[in-house]
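Trainee: I would like to learn how to read a few features of a protein model. Could we go through them one at a time?

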Amino acid sequence: MKARFSYKSRFLLSKPFIFSFPMSSLDIVDFSNNYFSATMHNTTAKNNCFDYVFIGLGASNCLILLSIIKNNIMVDKKIAIIDSNNKKDNDKTYCFWIDNGADMHQDLKHLISYTYEFAKIDNGIAQNISTQPYYCIKSIDLYNAVLQQIAQNNIPFIISTVDQIEEIAPHYKLITNTDTFFANQIFDSRPPSLNLTKKSDIFLHQSFYGLHIKLINNKLPVDVFNMMNFDVEQNEYTQFVYTLPYAENEALVEFTRFGVDKMDINYGKKILHQYIQQNYGNYEVIAEEIGCIPMTTIHTEKSPFKGIIHTGARANLIKPSTGYGFKNMYNFAERITHSLKKNPTNTLHQLHLNSKFRFKLYDHLLLIILFKWPYWGKTIFQSLFKNQSVKTVFLFLDEKTNLLDEIKIFAKLPILPFIKALVIYMSQFISKNQLITVLLCSFYLMLQSFIPQFATLFGNSTMIIGMLLIGLPHGAVDHLLMKNPSFKLIDFLIKYVLIMCVYFVLWQILPGLSLFIFIIYAAFHFGESELEEMNTVIAPYIHLIASFLIGIAILLFIIFTHLNESIGVITNINGLYFVKNYTLFLNAYQLPIIIVAASIYLLLFVYLKKINSFLLIILLIGIKMPLLFSFGAYFIGQHSAVAWKHISSKLNIQHWALFKKAMPFTIGAVLVFMFIVYSANYLQPAPLEQFYPHFFIFLACISLPHIILMHSFYKKYHYN
Ligand SMILES: Cc1cc2nc3c(=O)[nH]c(=O)nc-3n(C[C@H](O)[C@H](O)[C@H](O)COP(=O)(O)OP(=O)(O)OC[C@H]3O[C@@H](n4cnc5c(N)ncnc54)[C@H](O)[C@@H]3O)c2cc1C
C-alpha cells in the first residue's frame, strides 16, 4: 500500500495532535479526482482530507488494517488513523480458539504469544484441544505490528479524540479535540453508547481483576489453561478465576465477575490473592490487568450513512454471553476486504456478521438468568462443562452446532432458570394474558389429542371463567367511558338497555339484517381496538377503514376456518334456517375467503409497518379448536384483554379497582343471560349446544351500546 505523501516517523506522539509526516510533504497530495471540492478551500483543509479514516487503533481496526495491507487493497488511497491513545501499552490479552492451520491462525501466528493444547474447567481433568487450540495475543504485539505496517505504508497515525462526525454529502467531517478532518469513508470503532432503551434489554458487566504473577515455589503445566474455576465465593454474582500459564512459574490469573455491578478492585485483589495463595503459594506480581467487557443485548444500529462503517464492539461483534469478540473481528475484517476487492464503492456500512436467531435467543436467556438469578451461573456453567467436552462448548459458542446438538446441550442443563428466562423473554412480545391464552389453548389441544373427554369440559369451564373475569367486565365499565358533568347513571342505563332491547327485538323480526349489522359493527369494533393496541397514528378516515378491514379479516378468518360450525350456529337462530341452503356455495368459497381474509390482514400490517404476532398465533391456534373456543380465545384473550388495558390506562384506574366498578354490571349481564337461557329452556327444553344461538344474540345485543361508547372513547383519547 502506498500513499502519496511521505511518512517520516511513526512515534511522534508526544504532542496531543501529531501528523507523523512533515506538513510540507502534504502539498504533493494529488486531488486530481477533485473530491471534496466543496470543502477544500485552503491548503490546511486539503491536508486533512482522506479517502479512508480509521477511528481507533484497537482490535477491530488493527485486524482490518492488517487484512487490507495483506490483500494489497486501498493502494493509492489516502488513509489516516486517529486514536485518542498512543497504543503503547499492553492493555489487553486477546484469546481465542481456532482450528490449527485455519486462515486466522496462519495470518496471526507471528503475533501469538501462547498456545494451549489442553483446557481445564474447574478442577476437572485437562482435556485435549490440540485440533483447536486456545491462543493468546498480547494487544501490544498487535498494535506494534500494525503501527509498523502502517509506517511502511506511509499511513499517518494521528493522536486525537474524535468528538463528532458530520455529513457533508458525499463526504464526512471529523471534528476532533485538536483539528478537523475530512473523509470519504470512515471505519468507526469508538465504543458504542449502550443505553437501555427497551424494557427487555439487559446490560451486565464482565469485570475482571488480573495479575501477571511469578510463582515462587510451585510450577504449572504450561500448555493447560483453566477457563473457569469456581472455587471462589459467588457473593450473589457469577464469579470465577481464569488462569493462563505463561511459563512454568509464570501466569496470568484473573478473577472475573459476570454481574450487574462492576467488581470493586480492592475486593478483586483480596479474592485473587486468596485464590493464588491457596492454589499456587507465594508469588510476585509482574503486572496488573483490569478490564470490563459489556455483556449486553443492546444492539447498536448499523450506520445510516453509506460512508461510515461501524467496526468492533460498535458492530456488535462481541458475543453477549461470553465477551469474546476477537475471532468475530477477524472474520469481519476478512468480509470487509473481500467486499472492498469486489467493489470499493459498495455498501460496506451494511456489512454485518450473521448470527442465527436461536443463538441470539440463547445469549439473551443466559443474560436474563445472570441478571435475575446470578447465583445460577455457577451451576449452569459447571453442568455445561461437566456434561459437554470443551470442544463441543467451543463449537456451541462459535454458533456452529445444529439444533439437535443444542437440544442435547440444554437437556443436561438446569431447565428451570431457562424456562423462567424464556417466559420473561416472551413477555416482551406478548403480555401475561396473551401468554396465558396461548398456554390454555395449547393445553386444550393437548387434552383434545390425548384425553378428548376432558377437553370440552376444560374448554367450557375456561370460557365461563374467562367471560366472568374479563369478557363481560370489559364491557361493564361503559358507564365510566364518557362521563361528563351532566352524567346521570340512571339515564345512561335506560338508554343503554333501550338500545339493547330495540336490537333484541330486531333480532326477532329481522334476524338476517341483525346478523349483517352485527358483523359490520363487531368487525369495526374489533379492528378499532387492534389498531389502538398497535398505537398507529394515521388519518382519521384511514383509521376507520383500517379498523373495519382488520376486524372483518379477523371475523371472516374465524368464521370460514369453522364454516360448517358457523353455519350450524346461524341456522339455529330463528328465521335464519335458510342459510343452510347456501352451505355448498359457502363451502366452495371457504378457502378463497380464508386466503383473502389472511391477505387483508397481512397487507394491512405491511402498510402500517407493525405486526401483532400474538393475534396471528391465536387465530392460527384457533383453527384447531371448535368455533366457540376459537372465538372465545380471540374475544377474551385478545380483544377484551386489550380493551380492558386501554380503559384502565386511559382512565388511570388500577385493574382491581376497575374490576370492582365493573362488578354490578357484570352480575347484571350474567343475570340477563341466565334469564334468556331459562326462558328459552322453559319454552323449549334442549341440550346446552342449542343455547349457543341465544348466547350469540345476547352478545350481539350487549355489544351494540358498548361498541358505540368505545368508539367515542377511543376517538376522544386517540386524537385529543
Ligand atoms: C480487558 C479486555 C480483555 C478482552 N479479552 C478478550 C479476549 O481474550 N478474547 C476476545 O475475543 N475478546 C476479548 N475482549 C473483547 C474484545 O475483543 C475487545 O474489547 C476488543 O478490544 C474490542 O475491539 P474494538 O476495536 O471494538 O475496541 P478497542 O480495541 O477498545 O478499540 C477502540 C479504539 O478506539 C479508540 N477510541 C475510542 N474513542 C475514541 C475517540 N473518540 N476518538 C479516537 N479514538 C477513540 C480507543 O483508544 C481504542 O484504541 C476483551 C476486552 C477487554 C476490555
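Trainee: Where does P170 lie?

Mentor: P170 is in the loop between strand 9 (162-168) and strand 10 (171-176). Strands (E, at least two residues) and helices (H or I, at least four) are DSSP runs numbered from the N terminus. The peptide bond from A169 to P170 is cis, with omega near 0 degrees. Note that this is a predicted model, where local features need pLDDT of at least 70, side-chain atom pairs count only at pLDDT 80 or more, and totals for chains, interfaces and linings use all residues. Residues are numbered from 1 along each chain as its sequence is written, and side-chain values use heavy atoms, with hydrogens and water left out.

Trainee: Which phi does N72 have?

Mentor: N72 has a positive phi of about 60 degrees, although it is not a glycine. N72 sits in the loop between helix 2 (59-70) and strand 2 (79-83).

Trainee: How is the protein chain divided into domains?

Mentor: Domain bounds come from an automatic or database domain assignment. Here they are domain 1 (23-192 + 301-350), domain 2 (203-296), domain 3 (357-426) and domain 4 (432-451 + 496-719).

Trainee: What is the area buried between domain 2 and domain 3?

Mentor: The size of an interface is often given as the accessible area lost when the parts come together. The buried area (accessible area, 1.4 Å probe, that two parts lose on being put together, summed over both) is about 1,100 Å² between domain 2 and domain 3, and carbon and sulfur atoms give 81% of it. The elements giving two or more residues to the domain 2 side are strand 13 (224-229) and strand 16 (283-296). Strand 13 gives the most, with three residues.

Trainee: How many salt bridges are there between domain 2 and domain 3?

Mentor: A salt bridge is a side-chain nitrogen of Lys or Arg within 4 Å of a carboxyl oxygen of Asp or Glu. Between domain 2 and domain 3 the count is zero.

Trainee: What does the C-alpha trace of the protein chain span along its principal axes?

Mentor: The spans are about 105 × 70 × 55 Å. The protein chain has 24 helices and 17 strands.
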